[in-house]
Amino acid sequence: QLAMRNRTVLRLLPTSGLLADRAVALWGQGDAAGALRAIQERQRMIDGTYRIMLLQDEPKLTPLELARRHAPLMSTLATVRAAIHNRHWDDQAGPTLQSALAAYESEIEVLAEAQPDLDPAESARRFLEAAWVAVWLGDDMDRVVRLLDAAGGHLPDGRLSESARARFDGWIALRQGNVQEAIDHLTPLAESDPAAMLGLALAQRKAGRPRDAARGLEALTRSQRGTLMGVWAADVLAELVGQRVPPSEQAVRLEQLVASIPSVVDRFPDEPTLAISLRVLPAKSTFDPYEPIIVNLEVTNNAPFPMAIDGDGPIRPQIIVIPTAQISREPRVGKLRPIVVDIDRRLRLEPNERITVPVDLRHGALSTVLNALPLRGATLRVDAILNFIMMANGAVAPGVLGSETKSAPFRVDGVRADPRWIAEAIAAVLEPDSSQDLQTMCLLGHVASGLAGQSGRAPPELRQLVPDTAMALAEAYTKLDAPSRAWVLAVMPKGGILEPLRAMARKDEDKLVKISYLLYALNEVDDPMLDAARRGGDPDVRRVAELMDFLAARQETSDQ
């Protein structure tokens with residue numbers, strides 16, 4: 001049940017094999033009706049989709065005709081259903097067996113079309129499985145013979161092994177009422193062949209030897225516990241002797257083991273935060289322009305036992321972080337590209353232990369947005385998903401033991417660029433004494449570029465400051481060290497008012513400055529800096545130039 005609920009969390013149907021195991025387990029506990037309900041629930045689920053598809057192909061079907069159509073179950077699950085009906089509901093035994101055999105034959109046909117070079121032995125095995133189900137649960141021996149002939153046609157010499165042939169001959173004789181002939185065929189095989197042992201017990205029962213039949217069924221039940229054949233045999237034995245075979249020692253030990261697991265584990269699929277919780281805590285409520293935007297991802301083990309951090313463990317080593325930005329007069333910004341954060345810093349978390357991983361949101365798409373619009377500021381929020389999965393439509397969602405959480409809103413400040421602020425900023429950048437002045441220089445560059453772009457729309461008192469601002473920026477640039485020059489090029493706007501600064505950058509001999517110019521300050525593909533970098537002697541700079549050529553060519557192709 002826990003495995004099935006985990007599949008539901010992953011937005012997946014439980015596999016047919018898993019459903020079959022659960023149905024067999026329920027039947028083994030004596031709940032045949034519950035086993036059938038589990039299978040019928042799957043039937044109802046797939047019928048809905050199947051009937052929608054049918055209506056598209058046959059729109060004239062009436063509601064009654066549509067209700068009579070059922071989606072085919074996988075052969076494994078269909079066989080479990082047929083076996084239960086064979087023992088408890090005779091009126092449906094025939095139809096459910098026919099459905100199971102049709103499922104086998106359909107799967108064999110689909111597999112043969114999908115894999116023309118399929119190993120003939122695999123095809124033979126599947127035909128033999130279908131023949132076994134037909135002879136075990138049915139009475140159409142002509143169909144059994146056809147399936148056996150089909151299996152033989154895929155074998156090297158065209159024949160079954162002697163033991164397989166004897167087993168099927170014995171069962172066919174049993175179904176045709178030739179009890180002694182069945183006993184003669186099956187007795188030599190019974191000790192090592194469960195199917196032969198089952199057939200022999202049924203033949204002995206028909207021959208009036210209930211004690212021998214009971215001993216064979218009990219031996220089979222004990223050797224085939226947990227299998228469909230074993231549970232079916234146990235059901236026949238219970239009918240014969242009036243009581244069920246008690247659980248094995250292994251089953252008792254497993255029950256004790258399950259009982260020792262804290263009951264809270266059963267709630268994990270529906271309430272994953274009982275196991276692991278995630279919080280997103282911004283380091284501050286307000287950040288300055290260009291300041292690293294640190295949020296702390298806090299993962300806590302709430303379970304009463306240790307939790308591993310591993311790709312296949314309960315705590316996956318990555319968290320998806322999705323920033324959302326709201327910027328004045330920029331409705332198109334919104335939710336940004338996700339960031340995948342690695343938390344694989346520990347092998348495991350002890351009960352109630354937590355791990356905190358700081359993340360700088362400027363290492364992602366948010367940096368591009370904020371650097372382009374640093375004057376306006378932004379209101380930010382962060383969504384984070386632990387143990388995430390990718391959906392078929394490309395969306396990201398919590399998986400098993402996964403959770404999604406949101407941070408409280410926080411801000412990145414902007415700048416109110418009035419004449420007083422501009423005058424103070426010019427004075428600061430001409431006499432820099434801290435990294436804050438470097439940030440002020442870039443903000444001033446955005447102010448100058450914006451005012452130049454507004455031309456006549458800007459107030460006169462601001463327009464007259466533009467030339468002084470441009471001259472101050474060019475002078476301030478000459479006073480910067482190489483890393484600072486490279487950073488300024490990365491975040492400064494490309495407006496024409498700042499062309500003097502870019503002209504100085506093109507003459508710069510520092511490698512880091514050249515790379516920053518190529519990555520962030522190119523205005524066109526015929527920029528002289530690009531040609532100089534291609535012909536230059538530095539291989540790293542040349543590779544960056546080649547990269548920019550490649551990106552420009554790809555963009556041109558995309559535009560066409």
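A salt bridge is a side-chain nitrogen of Lys or Arg within 4 Å of a carboxyl oxygen of Asp or Glu. By that criterion, a search of the whole structure finds 39 salt bridges. The model is predicted: local features need pLDDT of at least 70, side-chain atom pairs count only at pLDDT 80 or more, and totals for chains, interfaces and linings use all residues. Residues are numbered from 1 along each chain as its sequence is written, and side-chain values use heavy atoms, with hydrogens and water left out.

The overall form comes next. The protein has 24 helices and 12 strands; these are DSSP runs numbered from the N terminus, helices being H or I with at least four residues and strands being E with at least two. Its radius of gyration is 37 Å, well over the 24 Å that the globule rule gives for 560 residues, so the protein is more spread out than a compact globule. That radius is taken over C-alpha atoms, and the globule rule is 2.2 Å times the number of residues to the power 0.38. Along the principal axes, the C-alpha atoms fill a box of roughly 115 × 55 × 50 Å. Of the 560 residues, 45% count as buried, where buried means under 20% relative accessible area, exposed over 50%, and partly exposed in between (1.4 Å probe, protein chains only).

Several salt bridges can be followed one by one. Arginine 205 pairs with glutamate 239, and their closest N and O atoms are 2.7 Å apart. Arginine 205 lies in helix H11 (residues 194-206) and glutamate 239 in helix H13 (residues 228-241), so this pair ties together parts that are 34 residues apart in sequence. Arginine 205 is partly exposed at 32% relative accessible area, and glutamate 239 is partly exposed at 47%. A network of salt bridges links Arg87, Arg205, Asp235 and Glu239.

Lysine 511 forms a salt bridge with aspartate 540, with 2.4 Å between the closest N and O atoms. This pair links distant parts of the chain, 29 residues apart: lysine 511 is in helix H22 (residues 511-521) and aspartate 540 in helix H24 (residues 539-559). Lysine 511 is partly exposed, with a relative accessible area of 35%, and aspartate 540 is partly exposed at 28%.

Glutamate 291 sits in the loop between strand E2 (286-287) and strand E3 (294-301). This residue is buried, with a relative accessible area of 18%. Leaving aside neighbours within four places in sequence, glutamate 291 is in contact (heavy atoms within 4.5 Å) with Lys284 and Arg362.
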